[in-house]
Amino acid sequence: VEPPIFAAAEVFLERLGERFRRQTCFFEDGTGHELCLRPEITIPVCRMALDGGYAGAAPLRLRYEGPVFRLADEGLGALIQSAQAGAELLGAPERPVADAEAIHLAWRALAACGIEYASDAAVEFGDAAAFLDLIAGLDLSDRQRARLKSLFDIHGSALADHLPPEANGESVRALDLDLARVEVAADLDAAGLTLTGGRTVDDIARRLADRAARAQARSIPPEARTALAEFFALQAPMEEAAATLDAFFARHAIASTTPARFAALTLELEARGVPLAAIAFDTGIHAPLDYYTGLEFRIEAAGVTLAGGGRYDALLGELVGSPGLHIPAVGCAVFRDAARRARLRDPHRGPSRRQGRARFGGRNRRTHGARRIPCRHHRRGRAARGLGGARRRRTPRRRADRRRRRPGARLPPR
């Protein structure tokens, strides 16, 4: 498929993380409608599938290739265009099988690009559903859970660094609206104050209860802080990921289906021939996209992300205006520019034609080991070329001139 490069801004505004929103280039057309250059391709591909009548009744596989556009320096720099190629698997009911297919496809795509997997190239994966299971099992209010989810979408594993400091003394308590009305009326009578400006006791009480609830949401209990810090410290190789996560949830008496999915995913990846030694679980893996609901993975080499993807079961329902509709969906993308640079930097590969040339002395000369010397073909060609660069034809007259310069040469009569 070929999704459009331009799209309505509202399609992306509500479904991209805060960091992606800052990097998106927005503009208005001649009619005043706000548009944007696509910062990613998953949403346009899903939009095309829905516009074509797809409703999730059967699995649908779509592939794409094209540029994405983002503003550098958190939206303050120049517009950068980069190339991506990827695939989306929609409507597949068996989640571990589809997740393994997405990881395996990205793995194969990088191998086709010439990326050889060695000790410095690996797959790292996390799971947004595990975090949602955690905050659902902790003793938190709905506002506190919503705030933690928002911080997780923005900061990922650095969430703990952006929590407000622990409150000294008694924690902030929620304020019931009826109780707020009574307290506001009593305080007004005790102070001898009358209402002015059209505000009623109900307005003041509602505002007071809302501020108390927001203050409570910012105040995360110490037990929850400890559990969050322990959760984001979890790391394990692929073979031990399910057991590690299961032990964590058992310690905190939280029910979660994520460990079982990890165990099934391990079996599927092993059956597809993906080396498990190159895969590691890390709870800190989280892309700044609001639509991920499950598995998230990325493939890195020498600290550079070459590919990534994840599961977004709620995205298609949100795009059709039905937030409660969940259509299974998972995808992957290869960042072609990064893959090309990693291939050129690979120390295990021989120099490519572009790498094997070095410019110095005004001419192209190939490099042989540590020394830079002209190859024999270049020396021969340079000796037989004139200043114009075209090969000079050796006529009998010119051959005679060359022999005349040699000592003791017998010259033919003129």
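Predicted model: local features only at pLDDT ≥ 70, side-chain atom pairs only at ≥ 80, totals over all residues.
**Aromatic cluster, helix packing and a buried strand**

F131, F152, F231, F232, F248 and F249 together make up one aromatic cluster. Counting ring pairs whose centres lie within 6.5 Å, the total comes to 13 aromatic pairs.

**Aromatic pairs**

- F131 and F152, both members of the aromatic cluster, form a stacked pair, with 4.1 Å from centre to centre and 20° between the planes.
- Because F131 belongs to helix α6 (residues 128–137) and F152 to helix α7 (residues 142–155), this pair ties together parts that are 21 residues apart in sequence.
- F131 and F152 are both buried.
- For F262 and F281 the ring centres are 5.1 Å apart and the planes stand at 65°, so this pair counts as edge-to-face, the cut-off for that class being over 60 degrees.

**Packing of helices α10 and α11**

- Helix α10 (residues 222–231) packs against helix α11 (residues 238–251) at an angle of about 170°, and their axes are 11 Å apart.
- That angle makes α10 roughly antiparallel to α11, as angles over 145 degrees are classed in this way.
- On the α10 side the contact is made by A227, E230 and F231, and on the α11 side by L245, F248 and R251.
- Sorted by class, the contact of α10 with α11 comprises 4 nonpolar and 2 charged residues, with no polar residues.
- F231 and F248, which take part in this helix contact, are also among the residues of the aromatic cluster.

**Strand β11 and its partners**

- In strand β11 (residues 329–335), 6 of the 7 residues are buried, so the strand is largely enclosed by the rest of the structure.
- Strand β5 (residues 79–90) pairs with β11 in the antiparallel sense, over 7 bridges.
- In β11, the residue standing opposite G86 is A333.
- Strand β10 (residues 304–311) also runs antiparallel to β11, and 5 bridges join these two strands.
- C332 in β11 has G309 standing opposite.

Definitions and conventions
Residues numbered from 1 in each chain as written. Heavy atoms only, no water. Axes fitted to C-alpha atoms, helices over the stretch in contact; angles between N-to-C directions. Helix = DSSP H or I, 4+ residues; strand = E, 2+ residues; numbered from the N terminus. Parallel < 35°, antiparallel > 145°, perpendicular 65-115°, else oblique. Contact = heavy atoms within 4.5 Å. Nonpolar A, V, L, I, M, F, W, Y, C, P; charged D, E, K, R; others polar. Phe/Tyr/Trp six-rings, centres within 6.5 Å; stacked < 30°, edge-to-face > 60°. Buried < 20%, exposed > 50% of the residue type's maximum accessible area, 1.4 Å probe, protein only. Pairing = 2+ DSSP bridges.
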